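Here's a quick tour of a few spots in this structure. Have the sequence and the model open as you read.

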Amino acid sequence: MSDDIFPVVVIGAGLSGLTAGLHLAARDLPPLVLEADIVWPGGRIAGGEDETLEYNGQTWTFSTQHGIHALWGGYDNMRAMFDRFLKIQLRPSTGEEWINRWGTHVSRIEAGTAVRSTWFPPPFHYLQLLFRPRFWKTITWLDFFSVPGFLVSFLWAASVDPIREQIALEGLMLADFFKGWTPNLKAIFKGLGHSLLASPSEHITATAFIAAMRFYTMMRRDTWHLDYLPANPHECMIKPMIKQIEESGGKVMVGSRVETLTRADGHWQIRVEDLRLGSYRTLRAEHVILAVDPPAAKEILTRSPETCQKAQEMRFPRGLENAAIRLWFDAAPQNGAPGGMFTGDFLIDNFFWLHRIQDEFIAWHQQTGGSTIEVHLYAPESVFEQDDRLLIIQATKEVTQAFPELRGHFIHGSIRRNGPTQSQFLIPTEKSLHVITPWDNLWACGDWIGYPSPSLWMERCVVTAVAAANEVLKANQLEIHELIPPRESEWLVRIVEFIARGLRKTIGPVILGTARALRRKKRDGRQKSHSDP
Ligand SMILES: Cc1cc2nc3c(=O)[nH]c(=O)nc-3n(C[C@H](O)[C@H](O)[C@H](O)COP(=O)(O)OP(=O)(O)OC[C@H]3O[C@@H](n4cnc5c(N)ncnc54)[C@H](O)[C@@H]3O)c2cc1C
């Protein structure tokens, strides 16, 4: 190969691109990684400018970031990468609180430890909540009317493995999953959907929710098990990953935005805009790994002559906006869980008490007695049209409704608005982009990329990135990296799954056929009444 052809170019220095780069570098195939952002590599785990707070005559400086904090139990490949390359000491979560509000009535329950440490085997582990007195303050007797609807939803979720079977059912949304549920239970699980999928309800499909429930909680007790990063991910993940890639001879080039890919003479020509100089150059590569967010992938592939035709027929998930709001108080809430979620009438979604999780905030708490909460907003677009101050005020009002002991103690608030790059999770089908793309020597990875693994978010980034790196290693006759297979479901859930699947295959077509016939009859009736004079 001629000297000016790179063996591998990775496009995008988010978690996926850096993971692929790290695994290639570990096999002496150091890549060139091109990153569009001029200052902050890392994508959705990127850092940002520090923020300062003047308090009692002292200036406090805090690092900022996009808002990622936790690894879940099933993140086995990500944990293996941490052990091998990053040596991060994670902080186990001591519980997750669910806080619901209807009007002025707020109820709180710590649900996480109940679900993961119960004797009830899944899928019945949530029954443990019935033994928590606070749970009875969360529900009313009316909620028992949810039982039939709950059973139907539950059997539906047990009967289908959407990612493995590539069943997307995209017309069906989260609201369809909760048909027949009472508002109370619906609100709690809707909130769970927002937090697990980092999206508002209107962008969550029923099958994405099922996939999330199956991966994070439904099949095993130990998957609902969070561990927190002890520091800002820019410091503990991105910087060490880049350092190791560069020490092995690779390079991460920021401010390099890829425009198009062209296939010529058996290699890829990559047209790159240098955003610092405003100039363009063309690089050549034997292999390319595309590790960008869905809107960026769509733009690159539909703009490139070689890929545009097939890319136009592909289905790319949309990119969603979100925001992370931080609030500082000069007092701390009473003991409680380090994080959790808000549901019901709350606008804010999940939350993290940073002074219980991350070193710099722990130091602030220890010296001042103050506290800091980060709340996330996965709201419809219209909410993000409001100005920063209004959103901070709303978040403060809601946090102090949930933690009344903090009323009158607010001292500072900030908001980080994240652009529309968060993937709407859609079940990958044959119309999606997969690790193995339709084009020679072009591979893809990311949290929205098709691959036969039930994993989501950061674990999916790592799994698809290692899989993409392995394709390049195989082509170069180098040893591939082992991928840890998903954990097996617990025994009772396997039996329930078997029965539910049987029902789906036998009664399912009859129910679907009847529903379709009824819908057709209704539509024909409507058309007839319109055409009658
Ligand atoms: C608020 C929030 C909180 C989250 N919390 C968690 C959590 O606690 N746990 C969890 O598992 N997941 C979490 N996630 C999801 C997680 O952040 C993502 O799954 C993950 O970071 C995605 O990484 P990625 O590398 O696939 O994509 P990205 O991070 O989007 O990286 C893509 C990169 O490609 C670059 N790029 C784009 N276009 C080009 C181009 N043309 N040329 C060159 N480069 C380009 C971008 O600048 C970016 O750096 C959270 C997400 C959000 C929004």
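In which strand is Ser-414 found? Ser-414 sits in strand β18, residues 410–423 (strands are DSSP runs of E, at least two residues, and helices are runs of H or I, at least four, numbered from the N terminus).

A word on ground rules: this is a predicted model, where local features need pLDDT of at least 70 and side-chain atom pairs count only at pLDDT 80 or more, while totals for chains, interfaces and linings use all residues. Residues are numbered from 1 along each chain as its sequence is written, and side-chain values use heavy atoms, leaving out hydrogens and water.

Back to Ser-414: this residue is buried, at a relative accessible area of 13% (buried is under 20%, exposed over 50%, partly exposed in between, with a 1.4 Å probe and protein chains only). Apart from neighbours within four places in sequence, Ser-414 has contacts that include Ala-324, Trp-328 and Ile-392 (contact means heavy atoms within 4.5 Å).

Now for some helices:

| Helix | Residues |
|---|---|
| α1 | residues 15–25 |
| α9 | residues 206–218 |
| α10 | residues 233–247 |

α1 and α10 pack at about 35 degrees, with axes 9 Å apart (axes are lines fitted to C-alpha atoms over the stretch in contact; angles run from 0 to 180 degrees between N-to-C directions). Among the residues that meet are Leu-18 and Leu-22 of α1 and Met-241 and Ile-245 of α10.

As for α9, 13 of its 13 residues are buried.

Methods: The expected span of a helix is 1.5 Å times one less than its number of residues.
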